[in-house]
Amino acid sequence: MILDSGTYSSGDYGRMLANLSPEWKNTDAYKNSNIYLLCEDIGELSQRASPRSVQFFEILARILNPDSFPDDIVVPKTIGNDYISYLTYTKDLGFGD
């Protein structure tokens with residue numbers, strides 16, 4: 001499960017989990033700790049189409065299929081303004097500058 005939030009910041013992961021409704025807490029994603037919080041700059045990228053949207057899709061691909069990437073980068077459960085640290089392909093294309 002991937003949550004995009006304008007409400008939370010990168011330090012709010014625990015608070016976000018605590019505020020989930022019982023329906024969300026009953027999902028396999030919650031029970032298996034597969035919830036990601038996208039906030040701050042990466043959250044904005046997910047909401048607004050732009051040439052940098054490809055950065056959002058690289059992060060999304062890393063979350064959904066991490067084995068497709070040959071590096072050892074592990075995306076944390078909360079991603080905010082530091083999202084550029086987890087990019088490789090789009091950074092190599094000049095999008096992370």
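A residue is called buried when its relative accessible area is under 20%, exposed when that area is over 50% and partly exposed in between, with a 1.4 Å probe and protein chains only. By this definition arginine 62, which lies in helix H5, is buried, because its relative accessible area is 3%. The structure is a predicted model, in which local features need pLDDT of at least 70 and side-chain atom pairs count only at pLDDT 80 or more, whereas totals for chains, interfaces and linings use all residues. Residues are numbered from 1 along each chain as its sequence is written, and side-chain values use heavy atoms, with hydrogens and water left out.

Helices (H or I, at least four residues) and strands (E, at least two) are DSSP runs, numbered from the N terminus. Helix H5 has 12 residues, and from its first C-alpha to its last it reaches 17 Å, close to the expected 16 Å, where the expected span of a helix is 1.5 Å times one less than its number of residues. Within H5, the residues Ser53, Gln55, Phe56, Glu58, Ile59, Arg62 and Ile63 are buried. The cover over these buried residues of H5 includes strand E1 (2-4), strand E2 (36-38), H4, E3 and H6, as judged by contact, which means heavy atoms within 4.5 Å.

The packing of H5 (residues 53-64) against helix H4 (residues 40-47) has an angle of about 110°, and the axes of the two helices are 8 Å apart. H4 is therefore roughly perpendicular to H5, since angles of 65 to 115 degrees count as roughly perpendicular, those under 35 as roughly parallel, those over 145 as roughly antiparallel and the rest as oblique. Here axes are lines fitted to C-alpha atoms, for helices over the stretch in contact, and angles run from 0 to 180 degrees between N-to-C directions. On the H4 side the contact is made by Ile42, Leu45 and Ser46, which meet Ser53, Gln55, Phe56 and Ile59 in H5. Of the residues in this contact of H4 with H5, four are nonpolar, three are polar and none is charged; Ala, Val, Leu, Ile, Met, Phe, Trp, Tyr, Cys and Pro count as nonpolar, Asp, Glu, Lys and Arg as charged, and the others, Gly among them, as polar.

Arginine 62 also takes part in polar contacts, each a pair of N or O atoms within 3.5 Å; within protein, one atom must be able to donate a hydrogen and the other to accept it, and residues adjacent in sequence count only if both atoms are side-chain atoms. Its side chain is joined to the side chain of threonine 88 by a polar contact of 2.8 Å, and a polar atom of the arginine 62 side chain lies 2.8 Å from the backbone oxygen of tyrosine 86. Not counting residues up to four places away in sequence, arginine 62 touches Phe69, Asp71, Ile73, Val75, Tyr86 and Thr88. Threonine 88 itself is found in the loop between strand E3 (78-79) and helix H6 (89-92).

Most residues other than glycine have a negative phi. Serine 33, in the loop between helix H3 (28-31) and E2, has a positive phi of about 55° although it is not a glycine. Glutamate 40, placed in helix H4, likewise has a positive phi, near 55°. Serine 33 is partly exposed because its relative accessible area is 47%, and glutamate 40 counts as partly exposed at 26% relative accessibility.
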